[in-house]
Amino acid sequence: MKSLSKAVMSAVAATVLLLCFVSVSCSVPLACENLLRPLGQPDLHGLEGRRAMIAGSLSHLPLMEPLRRRDSATAEFSSNSGESGISFRRSSRSGDNCHYASYNVTLKGNSFTFKNDNVTTTFVHTSCHDCILLKFDVESEQRQHFYLFSKRRQLEEMEIEEFRAQAQCLNLPPPVVMDPTKDLCPEQHSTNPAAQTENKTETKNN
């Protein structure tokens, strides 16, 4: 009788452990699914404006070091033509050098693509009220870039922690958090709105 009781107890314990394991293993992907849920098609009016990069991470490890050396970066959206045509401008600063790029892109649901590039960019949900969270999937090199931009230069710690958790869900390295005291590149707009891309490098004398 005692041996039967022990067998029953062992079976119950094993069942409880199994249920706990299943519960924990299922909760992680469910949490990540919630953290990485895509947005619906963004409202163009709310999307417009210039934002500074707060933090970023990349799946290709050799590119993480150049990101760490970057002083600042920005992303800017503005209406272009119609309801889905937008202009996407980026800048990055390293020391006294500023690099600019401008693209005309078309929104398709929660993402946009670059005409001459195998890059798909998806808007990902973030609890930060003035942020945009962009996930760039570079198909040709099978890598991901993950960037958080905000109209503020510095976020609350809980907002940064959310981004860290999102990067971890994508199996990306710990994000680089930008120094909010570093200068941004001066605003500069393309002189040719019809151009698909425009790259410029300028040296600033401070």
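This is a predicted model: local features need pLDDT of at least 70, side-chain atom pairs count only at pLDDT 80 or more; totals for chains, interfaces and linings use all residues.
With a torsion of 60° about its S-S bond, the link of C128 and C131 is right-handed. A disulfide here is a pair of cysteine sulfur atoms within 2.5 Å, and this pair has its sulfurs 1.9 Å apart.

Residues are numbered from 1 along each chain as its sequence is written, and side-chain values use heavy atoms, with hydrogens and water left out.

The structure holds three disulfides. Here they are side by side.

| Pair | S to S distance | Torsion about S-S |
|---|---|---|
| C32 and C169 | 2.1 Å | about -80° |
| C98 and C185 | 2.2 Å | -105° |
| C128 and C131 | 1.9 Å | 60° |

What handedness does the disulfide of C32 and C169 have? Its torsion is about -80°, so it is left-handed. C32 sits in helix α1 (residues 2-35) and C169 in helix α4 (residues 157-169), so the pair ties together parts 137 residues apart in sequence. Helices (H or I, at least four residues) and strands (E, at least two) are DSSP runs, numbered from the N terminus. C32 is buried, at 18% relative accessible area.

The link of C98 and C185 is left-handed too. Count the bonded cysteines along the chain and the pattern reads 1-5, 2-6, 3-4.

Now for the second largest pocket, with a volume of about 170 Å³. On a 1 Å grid over the protein atoms alone, a pocket is an open set of points where a 1.4 Å probe fits, with protein on both sides within 12 Å along at least five of seven lines; lining residues have an atom within 4 Å of a point. Points are joined across faces, edges and corners, and the volume is the space filled by probe spheres set on them.

Which residues lie nearest its centre? Of 14 lining residues, those are L39, V124, T126, C131 and I132. Elements giving two or more residues are α2 (44-47), β6 (119-124) and β7 (131-138), and β7 gives the largest share, three residues. The lining divides into nine nonpolar, four polar and one charged; Ala, Val, Leu, Ile, Met, Phe, Trp, Tyr, Cys and Pro count as nonpolar, Asp, Glu, Lys and Arg as charged, and the others, Gly among them, as polar.

Technical notes: Buried means under 20% relative accessible area, exposed over 50%, partly exposed in between (1.4 Å probe, protein chains only).
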